[in-house]
Amino acid sequence: MKDVQELKSIASQVRRDIIRQVAAVNSGHPGGSLGCADFFTVMYFNIMEHDNSFNMEGHNEDMFFLSNGHISPVWYSVLARSGYFPVEELKTFRLLNSRLQGHPATHEGLPGIRVASGSLGQGVSVAIGAAVSKKLNKDAKLVYVLTGDGELQEGQVWEALMYAAHNKVDNLIAVVDWNGQQIDGPNDDVITLGDMEGKWRSFGWDVLHMDGHDYDDLIKTINKAKENAGKGKPQVILMKTAMGKGVDFMEGTHHWHGKAPNAEQTQIALNQLDETLGDY
Amino acid sequence: MLDRFEIKDKKATRDGFGKAMSELGQKNDQVIAMCADLTGSLKLNNFQKEHPERFIQAGISEANMIGMAAGLATTGKIPFATTFANFATGRVYDQIRQSVAYSHKNVKICASHAGLTLGEDGATHQILEDIGMMKMLPGMTVINPCDYNQVISATHAIAEMNGPAYLRFGRPSWPVFMPEEGFEIGKAIMMQAGSDVSIFATGHLVYHAMEAVKILKSQHSINAELINIHTIKPLDNDAILNSATKTGAVVTAEEHQRNGGLGDSVAQVLAQFHPTPQEYVAVNDSFGESGKPAQLLDKYGLGIQNIVEAAIKVIERSTK
């Protein structure tokens, strides 16, 4: 379990990996990836009990599902940096014959990925299935799922929320990447999410809040959710993040949702991020 | 040969599904039954009673049901996600495509009330495109059994295989004539050997084809070969090519659209390996409507007589 200083150091490298992956192929989604770099780092290097030798069925370990699959660069970086596959393989992101598909997939056998995602709104349902299975197996480990905020416009998510509350799926912790942005602009301009907390509460979930860039808050809040697990209610953590966090010209705008920086921009971005673990 | 398939009884294919699920529940504790508010219609009441902890009531939320099935399968369970065929396929195509098929999850999608024979509920529920949608998905096994017994065999068979499968059956009471044994996924069943025309039938229309074979023989002195194609994918190419090579004329019969159905699959094999004249007994680019099953099958050209006429017509173009 890494301490906050170590986590911050890893996250800086993860952000470099994100920029370098998308810049190399001039495609991919840097904005949401950068915004979740701190969260992913905390999950894989501090919170979750997981086995990087990777077993698809995930028995007796915590399981993580990513619903907003387009932020694959951050997941790939963190999986590689925590030993699921060689860091060098990040070079193959989005290339032909790669295991690192544009959106996460199981099809090529990339360790760490348990279901494909990309078409939005499906991850919470899948995570519920895994959580129900853990209960049947008397497996006390937890299931985590990250979903985007714009993604909550998909109706399937609300089907899933109803199911989880009705059936007391209390070994499941959902986290919302609440950056307030989606492809066409701010959520509030596209389709507002309105009273986010009220919506989840009225669907029967317990709601926690955290700052997705404050390490003490991340660790404290997720651990609090862990302690609350098994008490009869599914939980969501509404995580405030800034899209593009860590690179000044990318921060807080939807402009970099799905656009890669050019060579000059890439250099400016990398100059803002320390190479702490060595670039691949 | 056809007399081996004596009609013993009439039972709904979905009743066979319920019986097999009950048996599977006892046999394999990894089996999970899921339903979207149609437990009685899918005949899962016994499973629910016998294994309440392994029965999942998804409510009227089919998309969530398919997603949960993918999650259950990820952890090694064998989920049977069930509802009416319309809601099990078209409504949740993207969920099946991404979370199940592309992710190669061991999910069994089991669908009742397929086709016209659900009757009075009308076209909103009478899906005639489901075989096409499901067979297009890479890696998906597609099975359309013909009677109560064959549904039982098929349900057990898909539990044994690893990978996603679509099992399609129906609502009405229907003649029972198949043995429970001798079912193998992807292996067509020769029901009547013949020399003049090959009839490839699937689902409820296997019964119509049996009756048509008798009429062709008694009234027209035509020796028709009848092959029961319960598995649309993977298709038994050898059985189709052996028969078509012998007879030089083909009829396909199914309770589905021509586009995307068994007929399309058969035509694809024939066009590539042994071009053969073919007639289709299938719904021709149309929605259904309310009515009694027999009336609907008749109106939309899926009756016994339609198969007889198709056989006579295609024999005129026989390559033999």
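## The largest nonpolar core

Of the 191 residues in the largest nonpolar core, those that touch the most other members are I128(A), A69(B), I199(B), A209(B), I307(B) and A311(B). A nonpolar core here is a set of buried Ala, Val, Leu, Ile, Met, Phe, Trp, Tyr and Cys residues joined through C-beta atoms within 7 Å; a residue is buried if 20 or more other C-beta atoms, placed from the backbone, lie within 10 Å of its own. This core draws at least three residues from each of domain 1 (11–175) and domain 2 (189–314) of chain B, with bounds from an automatic or database domain assignment.

The model is predicted: local features need pLDDT of at least 70 and side-chain atom pairs count only at pLDDT 80 or more, while totals for chains, interfaces and linings use all residues. Residues are numbered from 1 along each chain as its sequence is written, and chains are lettered from A and ligands numbered from 1 in the order in which they are written.

## The two domains of chain B

The C-alpha centres of domain 1 and domain 2 of chain B lie 25 Å apart. In chain B, 27 residues of domain 1 are in contact with 29 residues of domain 2, contact meaning C-beta atoms, placed from the backbone, within 7 Å.

## Where chain B meets chain A

Contacts also join the chains: 23 residues of chain B are in contact with 26 residues of chain A. On this side of chain B, α3 (62–74) and α5 (93–102) each give two or more residues, and α3(B) gives the most, with nine residues. Helices are DSSP runs (H or I, at least four residues), numbered from the N terminus.

Technical notes:
Two residues are in contact if their C-beta atoms, placed from the backbone, lie within 7 Å. A residue is buried if 20 or more other C-beta atoms lie within 10 Å of its own, exposed if 12 or fewer, and partly exposed in between; C-beta atoms are placed from the backbone.
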